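I opened this entry to keep track of what I looked up. I began with the ligand, then went on to strands and helix packing.

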Amino acid sequence: MMLIYNSQTHKKEEFIPAEKGRVRMYVCGPTVYDQIHIGNARTFLSFDTIRRYLQYKGFEVVFAQNLTDVDDKIINRANENGVEASEIARTYSRAFIEQMHRFNILDPDIRPRATQEIHAMQTMIQTLIANKCAYVADNGDVYFSVRSDASYGTVSGRNLDDLRAGERVEVNDAKRDPFDFALWKAAKPGEPAWDSPWGAGRPGWHTECCAMIHHYLDAPIDIHGGGQDLMFPHHENENAQSVCAWSQPLAHYWMHTGMLRVDGEKMSKSLGNFYTLKDVLDTYSADEVRLLMLQTHYRAPLDFSFERLKGAQGTLARIKSCVKNLRWAAEHDSEDAGVGVGVGADGDADAADAALEFDSAFGRTIDKAQIEFVQQMDDDFNAAGALAAIFNLVAAANKYLDAAGAHPSVALALRAADMLCELCGVLGIALTRPVQQDLPSELLDVARELAGYEGNDIDAAQEALLSARATARSNKDWARADAIRDKISALGLVVEDTAAGTRIKRKE
Ligand code: AMP
Ligand code: ZN
């Protein structure tokens with residue numbers, strides 16, 4: 001059974017999609033006026049992980065995310081830069097998609113842009129006016145009347161009258177009620193505008209997602225998501241439109257991510273306390289940033305710091321090194337036995353039994369890691385708990401390799417490596433690079449210089465160097481053996497002699 005915390009009911013609920021085996025989900029996308037920051041990225045990453053996990057569980061997932069490509073922020077930025085709003089939107093739509101790819105976020109199945117959906121929005125607004133839930137103001141704006149929706153406030157758990165007493169709201173003469181919001185904004189000179197039954201204008205921000213969801217997915221959808229700051233008024237307003245236009249709530253499960261913070265404060269453009277995703281990914285890998293973010297539950301606030309990011313870097317290196325060691329041990333097992341912990345290799349029956357038991361215990365540990373991973377993710381996508389299951393498997397695998405010495409079970413070593421890759425892969429963390437790929441290409445030059453190697457293959461270069469070093473040692477040519485080791489060391493690498501053989505690897 002899968003549980004999802006529904007922000008609307010404040011409870012974990014069993015997840016049952018409306019259509020068996022198929023999940024329709026929508027996550028509000030960015031307003032494209034600048035590079036996104038890592039707070040935004042945290043929200044998109046959370047839903048990417050949720051989507052990947054639903055797929056892992058066998059659901060077909062239809063995932064939609066909009067681009068808000070017409071908005072005050074875009075118009076202001078265009079005016080500052082002396083360019084057209086459409087140019088700003090184009091530049092930052094591209095930049096957003098590019099950074100999402102770098103961050104290993106899957107493309108949505110449907111990516112509607114506000115400027116391409118004007119017709120669907122206008123049709124919805126007409127329905128709302130016809131249903132007496134919206135009105136045209138004298139200035140040509142069209143407002144949604146929040147009082148016309150008896151259920152207004154149920155998404156975010158607010159009551160209009162409490163809000164009125166407790167919160168300051170901007171009063172605008174054109175509105176009948178301060179909480180009414182613009183569905184359509186009359187054009188001001190120089191702004192992007194489209195013709196409409198109410199005069200030239202553009203859609204309000206809250207209008208697009210609701211119209212797009214109806215158009216592409218049909219409401220109520222299964223999951224609607226965004227950051228916690230979107231719960232009110234954005235999601236409340238989206239839901240109100242759906243209720244009033246089609247007598248349907250917008251979604252069954254409302255999911256909201258916690259805010260990424262710096263020094264206890266929400267990261268935001270307006271506070272100036274932000275790092276762009278682009279800048280962070282210029283220095284850290286997507287896997288490192290993902291690992292850091294996933295170590296905090298998606299609903300909890302995430303306190304970002306570069307110290308923590310460096311910590312995640314170390315953790316990822318340990319997982320990768322474990323996978324590498326497992327594969328390497330499997331590839332270099334001299335006896336290639338299905339079962340083969342070193343203690344059983346001498347033919348002693350008791351020792352062989354102990355070896356068998358040792359192997360089957362490790363086999364059970366691998367299975368258990370997957371079971372725990374699934375249990376944690378089934379419990380409202382607890383990626384932090386799922387990572388703990390991965391770390392446990394890493395610790396167990398390291399112990400296994402130590403104890404197994406030269407004769408680990410090839411099958412088990414490979415199964416553990418595959419399991420680590422599979423589970424990390426569900427979290428969008430890619431460990432599947434081939435074993436040697438992270439040896440630097442300079443190793444080829446060293447092999448050419450010291451081992452007479454002529455090719456371009458990094459694995460073969462490694463073998464040539466190791467064999468040159470072994471020859472030098474057996475000839476007691478210590479100067480040459482040392483020279484090989486020193487050149488390798490100068491590249492940040494070490495020659496490691498293990499029970500299963502010798503190899504070159506990065507210094508840890
Ligand atoms: P915006 O372009 O401002 O609509 O933001 C895009 C997404 O990022 C929305 O889902 C926001 O809720 C989310 N978001 C904004 N700031 C943060 C933050 N500091 N931490 C997590 N998510 C955020
Ligand atoms: Zn939205």
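**Ligand surroundings**

I listed the residues around ligand 1 and got 16, the closest being G39, T43, D229, L260 and M267. I note here that the model is a predicted one.

Next I looked up polar contacts of ligand 1. An oxygen atom of the ligand lies 2.4 Å from an N or O atom in the D229 side chain. For L260, I found a polar backbone atom 2.8 Å from a nitrogen atom of ligand 1.

**Strands**

L260 took me to strand β11, which covers residues 260-262. I asked in what order the strands of the open sheet with β11 run. The order is β12-β11-β13, three strands with mixed pairing. At the edges I found β12 (265-266) and β13 (302-303), each pairing on one side only.

I then checked β11 against β12. They pair in the antiparallel sense, over two bridges. Opposite R261 I found K266 of β12.

I also looked up the hairpin of β1 and β2. β1 spans residues 3-6 and β2 spans residues 11-14; their pairing is antiparallel, over four bridges. N6 has K11 in β2 as its bridge partner. Four residues sit between the strands of this hairpin, and H10 takes a positive phi near 60°.

Which residues of α1 touch α13? I took the geometry before the residues. Helix α1 (residues 38-56) packs on helix α13 (residues 410-426) at an angle of about 125°, with the axes 8 Å apart. That angle makes α1 oblique to α13. From α1, the contact uses R52, Y53 and Y56; from α13, it uses E422, L423, G425 and V426. By class, I have four nonpolar, one polar and two charged residues in this contact.

My other pair was α9 (residues 286-294) and α10 (residues 306-331). Their axes come within 8 Å and cross at roughly 110°. I therefore put α9 and α10 down as roughly perpendicular to each other. On the α9 side I noted D287, E288, V289, L291 and L292. They meet R308, L309, A312, Q313, T315, L316 and K320 in α10. Sorted by class, the contact of α9 with α10 has six nonpolar, two polar and four charged residues.

Definitions and conventions: Residues are numbered from 1 along each chain as its sequence is written. Chains are lettered from A and ligands numbered from 1 in the order in which they are written. This is a predicted model: local features need pLDDT of at least 70, side-chain atom pairs count only at pLDDT 80 or more; totals for chains, interfaces and linings use all residues. Side-chain values use heavy atoms; hydrogens and water are left out. Axes are lines fitted to C-alpha atoms, for helices over the stretch in contact, and angles run from 0 to 180 degrees between N-to-C directions. Angles under 35 degrees count as roughly parallel, over 145 as roughly antiparallel, 65 to 115 as roughly perpendicular and the rest as oblique. Contact means heavy atoms within 4.5 Å. Ala, Val, Leu, Ile, Met, Phe, Trp, Tyr, Cys and Pro count as nonpolar, Asp, Glu, Lys and Arg as charged, and the others, Gly among them, as polar. Two strands pair if DSSP finds at least two bridges between them. A residue is near a molecule or strand if one of its heavy atoms lies within 4 Å of it. A polar contact is a pair of N or O atoms within 3.5 Å; within protein, one must be able to donate a hydrogen and the other to accept it, and residues adjacent in sequence count only if both atoms are side-chain atoms.
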